[in-house]
Amino acid sequence: MAEDQACKYLIPGLDRGLHLLLAFSEQHKEMTFAELHRLVDMPKATAYRVVQTLEHLGFLERNPRTNTFGLGIKVLRLGFEYIASLDVAQAGQPVIEQLRDCSQCSSHLAIRDGRDVIYIARVSAAGSQINQVSVGTRLPVHRTSLGRMLLTSTSREEFDNLFPDEKLPDEALGTPANREALWQMVQQDKARGYVIGESFFRHGISSIVYPIFNREQQVAAVVSIMVPSNEIPKEDRERLRMEVRDAAEKISGFLGATPQAKVG
């Protein structure tokens, strides 16, 4: 009965599309439409529409030379980005727990997906009154300290492709004046090696952000702490910065990065 009830809410088109993608395997990496149709339980006309839709969305790719279909880059991107983020999250979870304990501040791990920051791990400080972000939360890279640090590995060409217009997407609190202003901030952050944002994105909340490098010495993620104050107290600033830096270096080491020259 419960299974019948659940089936009432299935989306037929999505169900067919996923079944068709699952037909590809080690033994069936590329198939003609006829070969693919023989493996799926759906009418030929329906299968044709599903294939056309998946090809249009980039989940299937057609080889014009052989007129066969294979899994597209969108499928690979979903898989590889998820696995990569799990590696960072799994390596970093115990480290940000230690960082939370020594700093007494909520700690986070985040990665970049296009123009978004995605939080992939977090631990809250005891008694924290800050409205916490949850795992999976997306924020604009250009409006956050974490996002600026995540942009430091991008070339100017990659940056301009991300932000093709001189005017940035919004003018809310924390948004630089324009694309060039953001680029200059990112270059300053890169040279400094970290970001301290005080009420940059949210008034009354400060953050310290350090990059996490992979074995290619590219910024794979960032680690940060959230400090519930307009400005980080001077007597705590260096201690907290060193604690975040050490956490970033530890996670980078887990990912195979070579040691970076210490900042500060």
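This briefing walks through the fold, cores, ring pairs, salt bridges and a few individual residues of the chain above. Please keep in mind that the model is predicted. The chain has 264 residues, of which 42% are buried, and its secondary structure comes to 9 helices and 8 strands. Among contacts between residues at least 6 apart in sequence, 55% join residues at least 24 apart. About 14800 Å² of the chain is accessible surface, and carbon and sulfur atoms account for 54% of that.

**Nonpolar cores**

- The largest nonpolar core holds 27 residues, and Leu109, Ile212, Val223 and Ile225 have the most contacts inside it.
- At least two residues of this core come from each of α5 (73-103), β3 (106-113), β4 (116-123), β7 (206-213), β8 (219-227) and α9 (234-254).
- A second, separate core has 23 residues, among them Val133, Leu146, Leu168 and Phe213.

**A surface patch**

**Aromatic rings**

- The whole structure contains 4 aromatic pairs.
- In one of them, Phe159 and Phe163 are tilted, with 5.3 Å from centre to centre and 50° between the planes.
- Phe159 also pairs with Trp183: the ring centres are 5.0 Å apart and the planes meet at 55°, so this pair is tilted.
- Phe159 belongs to helix α7 (residues 156-162) and Trp183 to helix α8 (residues 179-192), so their pairing ties together parts that are 24 residues apart in sequence.
- Taken together, Phe159, Phe163 and Trp183 are linked into a cluster by ring pairs.
- Phe159 and Trp183 are both buried, and Phe163 also counts as buried because its relative accessibility is 1%, under the 20% cut-off.

**Salt bridges**

- The count of salt bridges comes to 13.
- Asp189 and Arg148 form one of them, with their closest N and O atoms 2.8 Å apart.
- That bridge links distant parts of the chain, as Asp189 is in helix α8 and Arg148 is in helix α6 (residues 145-150), 41 residues away.
- Arg241 and Glu238 form another salt bridge, with 3.0 Å between the closest N and O atoms.
- These two residues are separated by about one helical turn because they lie 3 residues apart in helix α9.
- Arg241 is buried at 3% relative accessibility, whereas Glu238 is partly exposed at 43%.
- Asp246 and Arg245 meet through their side chains in a salt bridge of 3.2 Å, N to O; Asp246 is partly exposed at 37%, while Arg245 is buried at 10%.
- Asp113, Asp116 and Arg138 are joined in a network of salt bridges.

**Positive phi angles**

- Most residues other than glycine have a negative phi.
- Asn67 is not a glycine, yet its phi is positive at about 55°.
- Asn67 sits in the loop between β1 (60-63) and β2 (68-71), where it is partly exposed with a relative accessible area of 44%.
- Gln104 likewise has a positive phi, near 60°.
- The loop between α5 and β3 holds Gln104, which counts as exposed at 57% relative accessibility.

**A buried serine**

- Ser207 is placed in strand β7.
- Is Ser207 buried or exposed? With a relative accessible area of 12%, Ser207 is buried, because the limit for that class is under 20%.
- Leaving out neighbours within four places in sequence, Ser207 contacts Ser145, Val195, Ile196, Gly197, Ile225 and Ile232.
- One of those contacts, Ile225, is also among the residues with the most contacts inside the largest nonpolar core.

Terms used
Residues numbered from 1 in each chain as written. Predicted model: local features only at pLDDT ≥ 70, side-chain atom pairs only at ≥ 80, totals over all residues. Heavy atoms only, no water. Core = buried A, V, L, I, M, F, W, Y, C linked by side-chain atoms within 4.5 Å. Buried < 20%, exposed > 50% of the residue type's maximum accessible area, 1.4 Å probe, protein only. Helix = DSSP H or I, 4+ residues; strand = E, 2+ residues; numbered from the N terminus. Phe/Tyr/Trp six-rings, centres within 6.5 Å; stacked < 30°, edge-to-face > 60°. Contact = heavy atoms within 4.5 Å. Areas by Shrake-Rupley, 256 points an atom, 1.4 Å probe, with all protein chains shown as cover. Salt bridge = Lys/Arg side-chain N within 4 Å of Asp/Glu carboxyl O.
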